[in-house]
Amino acid sequence: MGFNINRYITDLREEIIDAMVSEDITEEYELDDWINQDIDNQLIYYSDSIEIIDELGAYDWSSFDLECTNISQVAYCALLEEIHEYDFDFDELIEEAKELMEEDEE
């Protein structure tokens, strides 16, 4: 099946909103922690890192903030950079979560 960035971003967004609804994420730093933990979970196996690098075309990592010394670090930086491109705005996500909570109350 392989890694698909669009599916991953959609799933991550839904997981974050669900976590906000259940109040596991209430502060912006918790959102950042959640994203970093999720990326770590995506990179458990070497083969996962290769799939992510292939999907994102991350073959030149000289522009990454982190000095990458292994394949997992390259995949981590590439995925984090891609997530930042989608602009997971905390305020926007929390509003979506509030709307869902209001719908559940009705």
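Predicted model: local features only at pLDDT ≥ 70, side-chain atom pairs only at ≥ 80, totals over all residues.
Colleague: Thanks! What pattern does the protein follow along the sequence?
Modeller: Helices (H or I, at least four residues) and strands (E, at least two) are DSSP runs, numbered from the N terminus. The protein has 5 helices and 0 strands. Its C-alpha trace spans about 50 × 30 × 20 Å along the principal axes. Read along the sequence, the pattern is α-α-α-α-α.

Colleague: What percentage of the residues in the protein is buried?
Modeller: Buried means under 20% relative accessible area, exposed over 50%, and partly exposed in between, with a 1.4 Å probe and protein chains only. Of the 106 residues in the protein, the buried share is 32%.

Colleague: And what percentage of the contacts with a separation of 6 or more comes from residues 24 or more positions apart?
Modeller: A contact here means heavy atoms within 4.5 Å. Among contacts in the protein with a separation of 6 or more, residues 24 or more positions apart account for 61%.

Colleague: Let's turn to the pocket. Which helix gives the most to the lining of the largest pocket?
Modeller: On a 1 Å grid over the protein atoms alone, a pocket is an open set of points where a 1.4 Å probe fits, with protein on both sides within 12 Å along at least five of seven lines, and lining residues have an atom within 4 Å of a point. The lining includes Glu28, Leu31, Asp32, Ile35 and Asn36, as well as Leu80, Ile83 and His84. Both α2 (28-42) and α4 (71-85) supply at least two lining residues each. With 5 residues, the one that gives the most is α2.

Colleague: How many nonpolar residues are in that lining, and what is the volume of the largest pocket?
Modeller: Ala, Val, Leu, Ile, Met, Phe, Trp, Tyr, Cys and Pro count as nonpolar, Asp, Glu, Lys and Arg as charged, and the others, Gly among them, as polar. By class, the lining has 2 polar, 3 charged and 6 nonpolar residues. Grid points are joined across faces, edges and corners, and a volume is the space filled by probe spheres set on the points. For the largest pocket that volume is about 200 Å³.

Colleague: Which helices do the buried residues of α2 pack against?
Modeller: The expected span of a helix is 1.5 Å times one less than its number of residues. With 15 residues, α2 reaches 22 Å from its first C-alpha to its last, close to the 21 Å expected. Its buried residues are Glu30, Leu31, Ile35, Asp38 and Ile39. They pack against α1 (5-21), α4 and α5 (90-105).

Colleague: Which residues are linked with Arg13 in a network of salt bridges?
Modeller: A salt bridge is a side-chain nitrogen of Lys or Arg within 4 Å of a carboxyl oxygen of Asp or Glu. Arg13 forms one with Glu92, the closest N and O atoms being 3.1 Å apart; Arg13 lies in helix α1 and Glu92 in helix α5, so the pair ties together parts that are 79 residues apart in sequence. Glu96 also forms a salt bridge with Arg13, with closest N and O atoms 2.4 Å apart. The network partners of Arg13 are therefore Glu92 and Glu96.

Colleague: How many salt bridges does the count come to?
Modeller: Glu95 forms a salt bridge with Lys98, the closest N and O atoms being 3.9 Å apart. Both lie in helix α5, 3 residues apart, about one turn of the helix. By this rule, the count of salt bridges comes to 3.

How values were computed:
Residues numbered from 1 in each chain as written. Heavy atoms only, no water.
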